[in-house]
Amino acid sequence: MATTPVSEKVVTVSVNGTTYEYEVPTRRLLVHFLRDDLALTGTHIGCDTGSCGACTVHLNGVPVKSCAVLAVQADGAAVTTVEGLGGEELTPLQQSFSDHHALQCGYCTPGMLMSAAALLDENPSPSEEDVKIALQGNICRCTGYWNIVEAVVAAGKGAA
Amino acid sequence: MTTTETETTTTPTIQKGYVGQNVPRKEDRRLVQGQGTFFDDVKRHGMGYVHFLRSPYAHARIASIDVSAALELPGVYGTLTGDEVAILTEPFFQIAAEPGANVRDYALAVGKVRYLGEPVVAVVAQTRELARDASELVMVDYEPLDVVVDARKALEHGSPVLHEECGGNISYSGLWEWGDVDKAFAEADHVVKISELHFDRFNSTPLETNGALVEYNRGTGQWTLTCNNQFPGFAAIMMAPALRVGANKLRFVTQDIGGAFGNKITTHPQLVALCLLARKLGRAVQWTEWRTDFHQSMSHGNERWFLDTEVAVMADGTMTAFRTKALDDAGAYLRYEPLGGVIWSQVAPGMYGWRNLRLDFTQVMTNKAPCSPNRGYSRMQQLWFTERIVDVVAHELGFDRVELRKKNYVQPEQMPYETPNGCVYDSGDYPRALDVVLDLIGYDTIEERRKDAAARGKLLGFGIGSTLDSGTNNFGQSQLLNPELQFSGNNEVATAKLDFFGEIVVTLGTVPQGQGHETTAAQIAADILGCDVDIIEVRAGHDDYWNSHAGFSGTYASQFAVTGLGAVKGAVEELAHQMRTLASMVLQCSVDDIELAEGFARMKENHEAALPFMALGAIPNMNNAGFPIDPPQMNARFVFRPQFDVPDKEKKFGNLTLTYSMQIHACVVEVDPETGVYEIVDYAAVDDCGVRVNPKIVEGQVMGATAQAIGAAMFEVFAYDDEGNLLTPNFYDYHVPHTLDMPPLKTAAIETPSPFTSLGTKGMGEGGGGGIHCVSAALQDALMTSGRAIVTSSHNPYHRVWEMIRHPERSREKVEVVSL
Amino acid sequence: MLLREVSYARPSTVEEAVSLLTEHDGARALAGGQTLVNVMKQRAASPDVLVDLADLDELRAISVSGTTLEIGAMATLAAIMRSSEVDVSRPILATTAATVADVQVRNRGTLGGNICVNDPTNHFPPLLVALGASMTIRSATGERVVTAEEFFVGVFETAVGEGDLLTRISVPAAGKGTGDGMAGVTLGAHGTYVANAAASVVDGTWRIALGCVGAVPHRATAVESALEGTDVDEAAVRSAVEGLGDTLDPPADVHASAEYRRSLAETSTVRAVLQAAEKARG
Amino acid sequence: MKLEGTKEFDAPREVVWSVINDPSKMANTMPGVESFEIADDTHWSAKVKVPLGLGGLKMSIAFTKLEERPLEFASLNAKGQGVGALMNMTTSFTLSGEGEKTSMGWEADVKIAGPVGSMGQRVLQPIINQQVGNVLASLEAEVLAAKASA
């Protein structure tokens, strides 16, 4: 006997280490769940086709676009957003973004940081090409990317 | 991946301190922690979410609208239609004289829709999803009309007319002529004719779309707009009369803005709709535009044709004159237009010395999204045009492109240089800048690289793009379009105060969107006050309640480094004087004996006699008894006003901008002749914006403008089909370059301080045109050996390059040389 | 951004998934959602019920049985990129997966989802046709296997009908004398395809499929037979491909005229064939 | 988007004419028709669910016969309103041929607006070509059926 499809569902999601139990409409996107329900507004929305990466978060440790995931799909999962990256102190990656002027308006920055952080977890000292591939799914309209790529490569060197 | 070189010609005009240093940005900490505050982050209790139902047709009569089904849906708070808007508001003020003056533009479509994506009905509901659901229940009966999307056709007799009240599709036309053009052509050795050039439609697509949270205070009759509009002064001028209130009833608040690039100036129609809804429903309303909405309806860059262009050239390569017919496509409404019809003339001759120019300018309206300022607004089109001319002349007459430029550039010894139309180029050394960029890109190795590429089956091309970045508008130029207008000059405001415990607080009228104003303003202030930059707080964003704004307050048109920092300098110098005066009263000496240094006001001769800022802050605020006369208030407000005159309306002559930054870009492309696919394999840009307060921030602007230029040259275009459907309505079809699309970049800077500004600075950030030009030029160079096609469009995607290779005659027939 | 109301179920077995898809009108399987969710945001299409396959680990398996590479429909593109089985038996699947969209999309997007969408610009439909892949489809009435040609029915349309569930993609493992190639023009690096061609040769027998020229991948049979038995040098390939474009009726859009697509189809075919031939030589 | 073509039938003109002028028969040729109503002999309407792999596209379509010259020419307009899309199609048929053979020249001018319209010609053109193909195939079936029953 198959379960019955529902249009409201209680989801249990661990976000930045805190476990939330929430009833959400099944059509709600994860990004809206984070921004509107949990008031974690660091995760941004830049498009409506899953193209820009501003909404990138870690879902069970891997970077995904939270605008292309339903909140109910994250039921039982662990989510990390930019708010969960560092504490009071900036992480070396965050510091490197500032040092290299890798942000201007700062709107794409949370997504960039999440993609870059995932790369550094997997590959502590990435090459320029590695970084470009890892950040290809994140659009920035201010910087032209050069300083962002430098910042991530430098953060990697620092870590290595 | 990027290399930077800097040479400074003259020392900056004020004491070295923080100015000129790469001070880390004050903005960064909150932004890298995801703690920025963007408009969509702000919530209010019980706020309603707004969804705009938009027209699926590019041109149609609205026969009827029925919102009843939407209103019945539980959780729907209300709706707004064009019929209500037409009763509750005045049509927006039009900048244009006749015929454009007759356009009736409202917050929502009234009676008729004129472009696909035009807002028709606004629906407000408890959740974002619900508002959209409800909008699907609104029944709109459209009667489709014929559509015109081609500016050339819009001029034809019998073309569909968008605004009947204008008696046609022309919004503005005027003849701009300086010097003796016909004489110059009569004396020319060669006349190069180019029948058609086209600057394509795109914009900067800031990653954050438009939006606002609007609250109405029934008690005071005032609206508060927590938004991301980048030019509140202009928005208020448009909105207040429409809403039949004073500007005092509109409070604009911004903090962090996710990029704007000019595209967030003309949001007043949507903001007015939100104001009406907040008042009607008695609750806060929130609207967040989507990407598709933005692409279909917001702030496209001006599309422009240059028809029947002729260039007068002497045997030695001296270019003496050009004449052309510019045809500008403003889209369906004139939100900021037809100002594009005059802004170009800030750089009428480009960087070249010709004295005889005729430009017959016509702007038409078509069934496409309305145009409004976009980074490089209207000058970019003109500068691309002048650069195309130079490269086509070189190409057809066999001149060396470098030498031709050096010969025709305005020369350093001519600075300050008055152009044929009375603009004054304040400073610069264009030939030297060109040498620097050629050196960066290794111009002397180009021919070897060309051979090497040929061996790999690739066509290599090299191109140069010179571009000016005119900053600090004289708004008097608007009177060249419409003599009745009462705008002129420019201004910006800042306040500076010393607070209770010695905190220094600076507020700005500007509306930053990533330009680092909090940082550069603090650098200026710290140098003047002789204190640590970290104790200076520059309030983030804009708020009308700070009383630090004026009519032209905003961040647009490359002016912060002059107007914004000029205002900061004025306010902080006044505060410094107050601090020294108070110290002199306490220390019983003359003001001249007091200096501000190391965080103290102290006697120059006796550093022991010093008052900490804390004491100076406390005295007037909390400890002011016993003073025979009032202690200074430790609070200063300064309005910076550049010196301008109203231009001569008859001759269309006068100084239209205060400063002229300059960028020269150069690139190398490799083209696959079978597919037209090409790659930019090398890129260099040199920038001169006078004194650089924070070089890294300046370089960041150069890089960003370059990336946008590469996007516009290769990928980004707002293309329409004949029915007025936008074919690139999202980031799927409107491809924005990403990391893997970026070429290696070398940058360099030279500093020729502006003689006209108090800090020697020049506004900058809009130099991206250089990138569009140099890609056009490089492609034309690459195709030299394969049909000698002429590049006639600013946007050159692979399929267009392939067509140039396959059918060179199609562009060849657009160019002709007559030698006398 | 905002989807129409949709109900949702996350079955724990394939049987349960199939019965959900069968019992509910307008039900659709949700794999990685990297296309489906985005289309639902546009409200261009709106299933009534989403059957989330996330918990069906058996559909994520990648294995080699005998001479066949079996890829579960729910294997993500990231998993395919990293799979040693794929690397050993049909590496072009991994190199192609690596050029689809971006890291985030590859982490969620699945091979099954990619081909069930059958957007004409997708990478895998032409490639799987060229590789002679077959698809296994489960339904209430049992299991059936269709060839890649039969699988792709139209734009957004495949042999997976109402009540059906794609469970597995089977690709012949490459032996000696096998070579695969894929070439085309994309919109920006790693962008969506404007035109592409996939070619595969097994012991001198060719299979060539073109993407972006119609509703479904187009087999270039004339070219295939023209290549039969030739020693595949550039001249031979070019003459075999000569005229291919004229046999096509590709769509025109903002990125390419029909004429340009015809030309790209020929160029892509030449390049894909030469790649494959070189690989075949080893 | 304009499309045109010719279709040959092994049936006399009267039969073909009877089919293309019988709304209920034409209804059978349209993709995904769920319900169908005839208002009068020049107006009829249908609720369809155009099968798109990503979930059908629901539309209600109003048909208006614009012109007809018996056995020779007919043209009609179809205005569809769905949530994802608006459709406006004008199509015409010209019959010729003698005896058992009929040749039908057809033209269609299809306009699609709304989100689906914004999905781009890349996708729309193949979809429409394919739907037209289906319609013509089932039209042939209808004609042969009519011929058999005649």
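Q: How many salt bridges does a search of the whole structure find over all chains?
A: The model is predicted, so local features need pLDDT of at least 70, side-chain atom pairs count only at pLDDT 80 or more, totals for chains, interfaces and linings use all residues, and side-chain values use heavy atoms, with hydrogens and water left out. Residues are numbered from 1 along each chain as its sequence is written, while chains are lettered from A and ligands numbered from 1 in the order in which they are written. A salt bridge is a side-chain nitrogen of Lys or Arg within 4 Å of a carboxyl oxygen of Asp or Glu. Over all chains, the search finds 96.

Q: Which residue forms a salt bridge with B:Asp182?
A: The closest N and O atoms of the pair that B:Asp182 forms are 3.2 Å apart. The pair links distant parts of the chain, from helix H6 (residues 181-187) of chain B to strand S15 (residues 319-329) of chain B, 141 residues apart; helices (H or I, at least four residues) and strands (E, at least two) are DSSP runs, numbered from the N terminus. The partner of B:Asp182 is B:Arg323.

Q: Is B:Asp682 buried or exposed?
A: B:Asp682 forms a salt bridge with B:Lys746, the closest N and O atoms being 2.9 Å apart. B:Asp682 lies in strand S29 (residues 678-688) of chain B and B:Lys746 in strand S30 (residues 745-751) of chain B, so the pair ties together parts that are 64 residues apart in sequence. Buried means under 20% relative accessible area, exposed over 50%, and partly exposed in between (1.4 Å probe, protein chains only). With a relative accessible area of 9%, B:Asp682 is buried.

Q: How many residues apart are C:Arg219 and C:Glu149?
A: C:Arg219 forms a salt bridge with C:Glu149, and their closest N and O atoms are 2.5 Å apart. C:Arg219 counts as partly exposed at 23% relative accessibility, and C:Glu149 counts as partly exposed at 33%. C:Arg219 is in strand S14 (residues 218-219) of chain C and C:Glu149 in helix H9 (residues 148-151) of chain C, and the two are 70 residues apart.

Q: Which residues are linked with A:Arg35 in a network of salt bridges?
A: Side chains of opposite charge can pair when their charged atoms come close. The network that holds A:Arg35 has members in chain A and chain B. Linked with A:Arg35 are A:Asp36, B:Asp40, B:Asp41, B:Lys43 and B:Arg128.

Q: How many disulfides are found over all chains?
A: A disulfide is a pair of cysteine sulfur atoms within 2.5 Å. The sulfur of A:Cys108, which is buried at 8% relative accessibility, is 3.8 Å from the closest cysteine sulfur, in A:Cys140, too far for a bond. The sulfur of B:Cys227, buried at 3%, is 9.6 Å from the closest cysteine sulfur, in B:Cys275, also too far for a bond. The number of disulfides found in the whole structure is 0.

Q: How far apart in space are D:Leu3 and D:Trp106?
A: D:Leu3 lies in strand S1 (residues 2-9) of chain D, and at 14% relative accessibility D:Leu3 counts as buried. D:Leu3 and D:Trp106 are 103 residues apart in sequence. In space, C-alpha to C-alpha, the two are apart by 8.4 Å.

Q: Where in chain C does C:Asp48 lie?
A: C:Asp48 counts as partly exposed, at 33% relative accessibility. The position of C:Asp48 is the loop between helix H2 (36-42) and strand S3 (49-52) of chain C.
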